[in-house]
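Please consult the sequence and the structure below.

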Amino acid sequence: MEAARAKNEKGGRRSNGRNPVGKPGPPSMDHVLLALGETEEEREQRIRSMFGFFDAENVGYLDYAQIETGLSALQIPSGYKYAKDLLNVCDANKDGRVDYQEFKRYMDDKELELYRIFQAIDVEHNGSILPEELFDALLRAGIKIDDEELARFVERVDKDNNGVITFEEWRDFLLLYPHEATMENIYHYLERVCLVDIGEQTVVPEGISKHVHASRYLIAGAVAGAASRTATAPLDRLKVILQVQTTRTRIMPAIKSIWNEGGLMGFFRGNGLNVVKVAPESAIRFYTYEMLKRAIVTAQGGEDKAEIGPMGRLLAGGLAGAVAQSAVYPMDLVKTRLQTHVPDGGKFPSIGQMTRDIWVQEGPRAFYRGVVPSLIGIIPYAGIDLAAYETFKDLSKKYILQDGEPGPLVQLVCGMTSGALGASCVYPLQVVRTRMQAQRPNTDAAYKGMSDVFRKTFKHEGLRGFYKGIFPNLLKVVPSASITYMVYETMKKRLHLE
């Protein structure tokens, strides 16, 4: 920040920018005109001139091709779909064209929006943004940048090179940015328009793209996972009880047995550990998935995570699921033991006591019993689940919502479909994993390994044995997946991760 401040002091501490708060009252177009030093006629002429710049053929309207050509002439990268987004936000009647009145309405709204955020950054209200004010505004948004990046930001916006940013410079930099002008969005827009051309490749200047908000992805995933598992805990307990039974199973007797053991709270046995387990699992899974998407797109030579494609989503989802499952597997095994424990004299062991018993009686390797079928199952499940969800969401945006953002109902349907599809495909492996987790060693019925579980289950129970408990599992996974993704999408928007 020192470099930018020194430049500012060298050129004079204040710009000649006008004080945008000289006029009292809530922000209005009068404030915008005052800040810009324009009359209404001058502003009208400026907007018409800009419309004419895009409408080079003088046809009286703008379409996608004209907007894309104009943005390219202004050196705004075409790879980020700004032309498409700008068309959508300007095209009020959705006819695929933007006439002058629609274009002016967008300009009115955007300049007023930019004035408001300029006011919020310009804490001294002197008509210019100092480098330290910009630094503080980014910091409040959770973005910490170094002196070099701050100087680059100011240099990019500061057209007269005097070390401060006037409202006119601020407006010119962001006027054609079609999304909401939050500080995080503005920062990422800067990343993209500051691309450095090195021939056939285009790269972001070193250091400017390092502010990936890992903590925000972790929070979003954790909240989503904890909410969904708590809501579906009774169905999870019922599913596990049915999976470990080697005799004929029926749902109602299992429900009565759980009720007789502990009443209503019996259906939530192990849920505390389930929440503790699933919060970091979901957080790691979603965060790793976002990072892998970025890495895969970069490896493919792309720029936007939206360009990853179905196969990239499948790979990213599968690997993210495997990483997350491996990290929390010991907690998953303890949870299964708690849920399948047969009480001795009506007493149930605590989480700590169960963990100590496993460690002392079976050794540390016991905490990873069943991890092989778990990993074999989690990779295709996570891949199918996440890939199907995002594919369904993209399809709904394209064919149903006409490029609009999917609402909660569409997210619900996408989550239900992808969750049920993923769970059904890998359910036999889930049964094998649960039986290996639940078994006590040194018993006549103990399994010798994964292949032994497959062999004995098929021999004594047939194919139906691999699908015991699938009904409550489907009942569980539909709301679980739906709640998870709806909460995750909501948290991403609240935390400005979109």
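## Aromatic pairs

Tyrosine 368 counts as partly exposed because its relative accessibility is 38%, where partly exposed lies between buried, under 20% relative accessible area, and exposed, over 50% (1.4 Å probe, protein chains only). Tyrosine 329, at 0% relative accessibility, counts as buried. The model is predicted: local features need pLDDT of at least 70, side-chain atom pairs count only at pLDDT 80 or more, and totals for chains, interfaces and linings use all residues. Residues are numbered from 1 along each chain as its sequence is written, and side-chain values use heavy atoms, with hydrogens and water left out.

Rings of Phe, Tyr and Trp (its six-membered ring) pair if their centres lie within 6.5 Å; planes under 30 degrees apart count as stacked, over 60 as edge-to-face and the rest as tilted. The count by this rule is 13 aromatic pairs. Tyrosine 329 and tyrosine 368 form a stacked pair, 5.8 Å centre to centre with 20° between the planes. This pair links distant parts of the chain, 39 residues apart: tyrosine 329 belongs to helix H15 (residues 309–340), and tyrosine 368 to the loop between helix H16 (351–362) and H17. Helices are DSSP runs (H or I, at least four residues), numbered from the N terminus.

The rings of tryptophan 359 and phenylalanine 367 form a tilted pair, because their centres are 6.3 Å apart and their planes at 40°. Tryptophan 359 is exposed, with a relative accessible area of 52%, whereas phenylalanine 367 is buried, with 7%.

## Nonpolar cores

A nonpolar core is a set of buried Ala, Val, Leu, Ile, Met, Phe, Trp, Tyr and Cys residues joined through side-chain atoms within 4.5 Å. The largest has 52 residues, and those with the most contacts inside it are Leu71, Leu134, Phe167, Trp170 and Met183. Helix H6 (residues 100–121) supplies the largest share of this core, ten residues. Apart from this core lies another, of nine residues, including Ala220, Ala224, Phe286 and Cys414.

## Helix H19

Helix H19 (residues 450–461) has twelve residues and spans 16 Å from first to last C-alpha, close to the 16 Å expected at 1.5 Å a residue; the expected span is 1.5 Å times one less than the number of residues. Its buried residues are Asp452, Val453, Thr457 and Glu461. Seen down the axis of H19, these fall within an arc of 125°, so they line one face of the helix; the arc is that of the directions from the helix axis to the C-beta atoms. On the other side of H19, Ser451 and Lys459 are exposed. Glycine 462, with a positive phi near 75°, follows H19.

Definitions and conventions
Helix = DSSP H or I, 4+ residues; strand = E, 2+ residues; numbered from the N terminus.
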